Amino acid sequence: MIQSETLELLEWPRLCQHLATFAATKLGATAARHLKIPDSQTQSELLLEQTKEIYQLETRLTTGLSFEGIQDIGDSLERAERSGVLAGDELLAIATTLSGARNLRRVIDNQEDLPILTELVADLRTYPELEQEIHRCIDERAQVTDRASQKLGEIRTDLRRLRSQITQKLQNILQAKSGAVQEQLITQRSDRFVIPVKAPQKDAIPGIVHDTSTSGATLYVEPNSVVPLGNQLRQIIRREQAEEETIRRVLTEQVAAVKPDLERLLAIATTLDLATARSRYSFWLGANPPRFIQREDREMITLRNLRHPLLVWQQQHEQGQPVVPVNLLISPQIRVVTITGPNTGGKTVTLKTLGLAALMAKVGLFVPAREPVEIPWFDKVLADIGDEQSLQQSLSTFSGHIRRISRILEALGNGDLGLGTGDLELGTGEKEIPNPQSLIPNPQSLVLLDEVGAGTDPVEGSALAIALLQYLANHSQLTIATTHFGELKALKYQDDRFENASVEFDESTLSPTYRLLWGIPGRSNALTIALRLGLKPEVVQQAKTQVGEATDEVNQVIAGLEAQRRRQETKAAEAQSLLQQAERLYKEVSAKAASLEERESSLRASQEIAVQQAIAQAKGEIAQVIRRLQKGTPTAQEAQQATNALNQIGQQYQPATPAKPKVGFMPKVGDRIRVPKLGQIAEVIAAPDQDGELSVRFGLMKMTVKLEDIESLDGQKAEPVVKPKPAPAVVTPPPQNVPEIRTSQNTIDLRGKRVADAEYILDKAISEATGPIWIIHGYGTGKLRQGVHAFLQQHSRVNNYEPAEQADGGSGVTVVHMK
């Protein structure tokens, strides 16, 4: 009971209503409005994973996940199971739901990294044959189609023929008795075809009167001549209705046969829609996924810039005030936090915000806070917020609070402070308070108490509040309590499981800032506010004397702490600014280094392009030399000239040997050196190791660089580290090759020859050759080339062969090298 009370106090149903607006189906909206809170952390983590995967999926899809066609068919399935006959629109809804579920599964299966959703739809059966059968028998207007059965088609053919006969007869009567009818009109009354006859002339058209106009001037008469046809029509219509019911019954039986699978389909579709609603609502809130922590592992509750989701909704949809976020950073050893401060300062809103955040995380919603969002999994969220005063039940404010707190303690497992109800009201404290050391094992509940101990004598209320908070420190995971009692502020200094917090108040504007200050208890601002609001100074001064010097000193101490905190926040902001400057400088240096590397790569690429162009030009000039030699029989003088020309080309295009850098500088610890790649001057803090790497520092940064990447301030390159090398193996240099030049003497043209003839010519040419020969066989069908290559493979004088250069004929010419 207390947990349902807590949900009402936290306005959880209102949040669920907001969530329901993001659902795509009626089923999803209903599930969102009656959102079930999981009983285990495993279930909550599964729901969170579903939300994350839907969130990820919808960022990839252009139109989001579509639930088109999915309807609530639960009642139809129940009636089908009970042998009822479904109507056409119900059958059509089942067919569209099957199609919509199939589309959902297809979209999810097309993604690779959605394991939770993929597993969810893995056993989804959509029965395409049932869907097709329904669409074959039921049209878009939810009517049974003519093609549903041959018998129905024949019945409807008879119906159309009979209606045509009746219409034709009535048309003839209208023309023959035009003076007796009110207008040229054929209409129906009670499924009978009638014509409007003037009342005074009803005898002109004998028949059955089925209806009369309001004025009585018109009678709707079915002429006697068409009565037999009307009777026959009614009989055929009954046959049609019976056949339609038979068809729908057959379809209903098919639906009933697969009811468990269809119910499973509905459950999966609802789960997907609810996960989609959670994802879309979380995106709308600007929320982030929470991580459940274990405070026993010394993990801290981290909720930065936490916003109240209902206030965000109010701001967006109801033109509310901007939402002021709160920061909740609670150390793992803290079990109780007491929040003090003036009224309307935001204490109660802080309680509700934390309670809703815990519930949102449990049901798989993201939490509207800045990353990282780290919060324990609370098995129960229990709250006493507001006034439970009741005249009907004769409950005072104090009694109402005590009744609710008693239910909270019962929900915790040992719901008794050791005090009777009468003792609680009197605050006598006669019974023993439980030992603070008697902790129950691993308490997991969150307790939220608003104005604890209020509504009774301040002394007794304060004593009761202290005893209650000490008990909750032993029996709950975390308790947040708001109070005006100054005595509760001292608990922090007696027990390290307690912490103080306060809501900030701006004395200059006499208004709260809604900021939560940690570690500082709130001070009384009542007298200051009274003076600013116009109360006579002498009255305020008299009140100060009544308060006493001790209280004034406490307030002065708290004021000093607040001033010290503001100074620390200012210094922290300055430190943050310096850190941001350092990060910006680091990014600038990194960007400059990347720019230099990119420029170096660009220069290297342009040099490679220039080298390739030079090589291409050199090859062209060499080709010209070769073509000159090929024009007739080369002489020794011409060969020498060609050799000289090749040497000149080599000297012209051979890259110049780069000048060796000035070597001899070896950096030592303390030396200042330059790093050209970064454009920085650095100080050596570690000498080079055997790999040629040394550590340098410039500014606040330290890094490791290579010797080849540094130079002295006067431009000297560092002397490389010499590593011992193994003795090189002796290699006999190959003999100098004579340039291979194609001439008419060493070129054999086999085009048009048969393979047998070509082999004879080849054998003679190879036996007489003193160098490479060029064989022209052309392209053609490729048989001649294959025959030539087969002959060359088995010839004893052939060392190897290869296709000629493109300028010499490419694959249409084969160059043969001799042994």
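Colleague: Is Asn746 buried or exposed?

Modeller: Please note that the model is predicted. Asn746 has a relative accessible area of 15%, and under 20% counts as buried, so Asn746 is buried.

Colleague: Where does Asn746 sit in the chain?

Modeller: Asn746 lies in the loop between strand E21 (717–718) and strand E22 (747–749).

Colleague: And which residues does Asn746 touch?

Modeller: Leaving aside residues up to four places away in sequence, Asn746 touches Ile741, Pro772, Ile773 and Trp774.

Colleague: Let us move to E25. How many of its residues are buried?

Modeller: Six of the six residues of strand E25 (residues 813–818) are buried. On one side these are Val813, Val815 and His817, and on the other Thr814, Val816 and Met818, so that both faces are covered.

Colleague: Which strands pair with E25?

Modeller: Strand E23 (residues 773–776) pairs with E25 in the antiparallel sense over four bridges, and Ile776 has Val813 of E25 as its bridge partner. Strand E24 (residues 798–803) also runs antiparallel to E25, joined by five bridges. There, Glu802 stands opposite Val815 of E25.

Colleague: A different sheet now. What is the strand order in the one that contains E1?

Modeller: The order is E1-E2-E4-E3, in an open sheet of four strands with antiparallel pairing. Strand E1 (187–189) and strand E3 (207–212) each have a single partner strand, so one side of each is left without a neighbour in the sheet. On average, neighbouring strands are turned by 50° against each other, direction ignored.

Colleague: How many bridges join E1 to E2?

Modeller: Three bridges join E1 to strand E2 (residues 192–198); Gln188, for instance, has Phe193 in E2 as its bridge partner.

Colleague: What packs on that sheet?

Modeller: Helix H9 (residues 150–176) touches E2 and strand E4 (218–223), and its direction makes about 10° with that of E2. Helix H10 (residues 227–257) touches E2, E3 and E4, and its direction makes about 145° with that of E2.

Colleague: Finally, how do H2 and H11 cross?

Modeller: The axes of helix H2 (residues 12–20) and helix H11 (residues 259–285) come within 9 Å and cross at roughly 100°; the two helices are therefore roughly perpendicular. Leu15, His18 and Leu19 of H2 meet Ala277, Arg278 and Tyr281 of H11. Of these contact residues, four are nonpolar, one is polar and one is charged.

Definitions and conventions
Residues are numbered from 1 along each chain as its sequence is written. This is a predicted model: local features need pLDDT of at least 70, side-chain atom pairs count only at pLDDT 80 or more; totals for chains, interfaces and linings use all residues. Side-chain values use heavy atoms; hydrogens and water are left out. Axes are lines fitted to C-alpha atoms, for helices over the stretch in contact, and angles run from 0 to 180 degrees between N-to-C directions. Angles under 35 degrees count as roughly parallel, over 145 as roughly antiparallel, 65 to 115 as roughly perpendicular and the rest as oblique. Contact means heavy atoms within 4.5 Å. Ala, Val, Leu, Ile, Met, Phe, Trp, Tyr, Cys and Pro count as nonpolar, Asp, Glu, Lys and Arg as charged, and the others, Gly among them, as polar. Buried means under 20% relative accessible area, exposed over 50%, partly exposed in between (1.4 Å probe, protein chains only). Two strands pair if DSSP finds at least two bridges between them.
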